[in-house]
Every structure is written in C-alpha cells, then in structure tokens.
Amino acid sequence: MDSKLSKSAILGLTSTKEWRQSFTHLPIIRRMSQVCHLTYSAIIAAAFRNGDYDTGWEYMETMWKEGKEPQDKVFLEWVRQCGGAEKTEEKMALANILFRYLCTFEIFPQLPVIEEIAKLFKDSLGWSSHYVKLSSRGRCPACREELECLGVDEEEFKQLQEEFVPRVLHRSDIFISSSPKEWADFRDFVEEQRPFTTVVDGLNVAYACGNKPPRVRLQLLRDVVKQVCRRNPNGRVLVIGREHMKSWSPQNLFRNQQAVSLYTLNNMTRDDGFFIYAALQSGFGTNFITSDMLRDHLFRLEQVPLRETFRRWQRLHQIMVIKTHIGFHLLDPAAFSTTAQQGKGGWHIPYDDGTPHQSYQVPRTWLCLQSTLPQRKRQYFQPENSNDDKFEDLSFEYKGNKSRRTNLDQKESKWSSELRISSSDTNLEFTRKHSRPWRKNTGRIDVKKINVSTLADILNTNNKE
C-alpha cells in the first residue's frame, strides 16, 4: 500500500468500531511522507468518540509538535463528550481538560467550536456566555475582569534553568549539528559574561526582511540592536549568529557599540537551544528576540508543569521583529496572557472569528464564560404617583441644569434641559439648550401611552453628560 491508500484506509477505519486498526497504517505513511492534519484529526476524533481520551491527547501532542492544527471536528467531538456526561462535576472536569490543552498548545478555536462550547455551558451548566473584544489592557467588558499576565515565581524559574539542558538540549541530540567543544566554549562564555539584558537570535532577525541581499539583512539586524540599546542604555546585548554572517561586512558587525557582544556558531549548528540557554542563565529579567515559537523545545520538556512554566516565561520575555513597508517595529509581549485562562467566576477563551490577520497577531475576540455576572446598578428617576404601565391624568415637569469647566479655555459651558408631559395634549417634549448655539438639540415625540421605564431611560440617557 502506498501513502495515499493508507490515508484512505485510516479515514475509513476511524469511522468504524475497528478504528484502532488505523494505527498499523501510520508507519507506512511516515516511510514515504508526513502524516497530514486530516489523518491525525480523524484518529483523535475516533479516540474521543470511543472513550480513549489518553490516546487522543497523545496524538494531539504529536500533532502539535509537528506544527499541525487539528480540525474543528476534534474539539466538537470533545464538547459532545462533555455534554454526554451524566453529572455536572464530570461535565466541568472534561471542559476544564479541554481549556487546559487550549492554553498549553496556544490553540485558538474557530467560531463553530466556540458556539458549541457556549451552548454547552448555557444549556447544561446554566452559565452565561458573552462574545467580547478585550481592550489593550485585557479588560473584559462583560464581567469587568482584567485578564492576568501569568508570571513565573523564583522556584519555578530555578527549576526551569536546571532542567532545560538535560531535558531539551541533550534529548534534542544537540551534538548532531554541534560538537561537545563548541557547546563547552559557549557555556563558558555565558558563565563569564552574563548577565545580558537582551539575547538576540541574529539569523532569525536578519531574515525577517525575507530573502534580501546580505547588506539589507545586516542593516536590519543593526537597526534592531540599535533600538534595543536605545530602550535600555545601561543594558548589555548578546547577538548569537553563525560564522557566515561575518562575511556580510568587512568590518565589525556592531562597530562602536561596546554594549553589544557577538557570538558566532558553526554554520551547521542549530542555534535555538543556545540563545534560550543564554537567556535563562542571564536571569529572570532577560528578554530574547526571535520570531520562532520554540514549539520543539517546549515539547521536549515533557512534564506538564515544566511546559507551563516555560510557556509563561516565553510569553513574558519574547520580543518579535515585525517588518513593515517603512521599516520595522519591535512587538513587545502582551500586557496579559493571550491564551485560555481561568478567572474568579469562570473562563475566558480566545477564538478565531475568521477575520484576516497576520501570523504574529493573536485574535482579539474572546468568549467570556461566567457562572454569575455582577449586577449593574442602574438608578432611574421615577415620578411619584404613577403606575408601572402608563401615565394617567397628571402633569409632570422636569428641569435640569449643569455647569462644567472645559480644558481649553477654563470657561464654564452651561446647558439646561426641560421635559414636559401633559395628558391634555399627547406630546412629550425634550429640549436641551447650550451656551453655544451649534450645540442646541430639540426633539419631539408623539405618544399616547408611556411607561415609567421609558421615561426613566430618556431622563438617564440625556442627563449623563
């Protein structure tokens, strides 16, 4: 069987009770090509559907390591499993598992998945759901809660420093592309020269402009380093590059910049682990500049607590270089964690509503799930001696005036409003008068019946300013 026929066999078997037979076809595909996201999604959905949750999430990790996104049917099947649970506690436990994986894998579900999640929480759990757009500070307009920037404490960071080399660098077969001597020299260099305030992935930054001539790539790298130095004049910058970058300029790549150190590796060396090691060993306050998402290194940590610590540290300290048509700008870490997170009264889940955006931009649309929402206090003006349905024989008059100071000329700007209601003529009049003629606004509405809440809305709406 070739890879195409094996893929078809997997898609067919995963729709039956013999879905486990599909595992035998994966080695055939891997010998000839890569397993596509459609094949992985079919296996994961079948595992969830048949109650083998561990196998499903195991293949989800494999898929995520290879940089593939699962189809919507994977998450929709898990939501169906949540809805099929008998007890409320089981529904919540399964939903929390999904949200934790969305956070760890930094997955932004599509709108159909989010709608099913909102329906599950509303119908089965009695929660409220709101589709919102967060402010730049991370404040939710529905529950008025500010999302947190999940940090790393001292003990977690120390453990990450200790575990990174044996778990990530040694297990990644670092000496296939490098050598023990090169690694020992770099480690000694970091020990002698640390701490650095910023570590730069030189090759990644230089190629942010695309496949341009070396002089263009060098100029972009120099401009980025120069801007970093301007941001922190007392800081020290380490740029990690490769030997062939020295041919880009006959002179020193960073001349007249004493705060900048350049360390070049062999041309065949994979430099990701080197700059992460330098950033970790320089201390908690060190930032690093790269557009690499570092998924392979995160996967090799294996333990879930270490992964979460690494991801939180990455979100706090990673800066990206974004090329624009007039130059570039440095994209600093967000003020809040842009992944699913649990708050005081519920969850906030980011999702992709289909709006086009750049690869480095995270969606601004969120689903707010709350067990209870805070009640908004609304104070209405209600006239005395009136019933709730309508005004009967009464005459009512409202007058208001207010003065305030402007910031421009420190002069007072006055306005007044009048409201008259009478049962003799079926007119409701509202007039606002300002000291400036162009701000006068007059409206008239013909009514025969008006309830108290309508009048209260009118008075509050026009008396807020």
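Biologist: Which residues in α6 are buried?

Modeller: The model is predicted. Buried here means under 20% relative accessible area. In α6 that applies to K91, M92, L94, A95, L98, F99, L102, C103, T104 and F105.

Biologist: How many Å apart are the end C-alpha atoms of helix α6, and why does that agree with what it should span?

Modeller: Helix α6 covers residues 88-105, which is 18 residues. At 1.5 Å a residue, the helix should span 26 Å, so the distance between its end C-alpha atoms agrees, at 26 Å.

Biologist: Which members of the largest nonpolar core touch the most other members, and how many of its residues come from α6?

Modeller: This core holds 75 residues, and F99, I117, F121 and W313 touch the most other members. Its largest share comes from α6, namely eight residues.

Biologist: With which residues is W313 in contact, leaving aside neighbours within four places in sequence?

Modeller: Contact is taken as heavy atoms within 4.5 Å. With those sequence neighbours set aside, the partners of W313 are V152, F157, L160, I276, A279, L280, F284 and F288.

Biologist: Which are the edge strands of the open sheet?

Modeller: Six strands make up the sheet, with mixed pairing, in the order β4-β3-β2-β5-β6-β7. An edge strand pairs on one side only, and this holds for β4 (260-265) and β7 (327-331).

Biologist: Which residue in β7 stands opposite V321?

Modeller: Strand β6 (residues 318-324) runs antiparallel to β7, and five bridges join the two. Opposite V321, β7 places L330.

Biologist: What angle does the direction of helix α13 make with that of β2?

Modeller: Helix α13 (residues 272-281) packs on the sheet and touches β2, β3, β4 and β5. With the direction of β2, the direction of α13 makes about 175°.

Notes: Residues are numbered from 1 along each chain as its sequence is written. This is a predicted model: local features need pLDDT of at least 70, side-chain atom pairs count only at pLDDT 80 or more; totals for chains, interfaces and linings use all residues. Side-chain values use heavy atoms; hydrogens and water are left out. Helices (H or I, at least four residues) and strands (E, at least two) are DSSP runs, numbered from the N terminus. The expected span of a helix is 1.5 Å times one less than its number of residues. Buried means under 20% relative accessible area, exposed over 50%, partly exposed in between (1.4 Å probe, protein chains only). A nonpolar core is a set of buried Ala, Val, Leu, Ile, Met, Phe, Trp, Tyr and Cys residues joined through side-chain atoms within 4.5 Å. Two strands pair if DSSP finds at least two bridges between them. Axes are lines fitted to C-alpha atoms, for helices over the stretch in contact, and angles run from 0 to 180 degrees between N-to-C directions.
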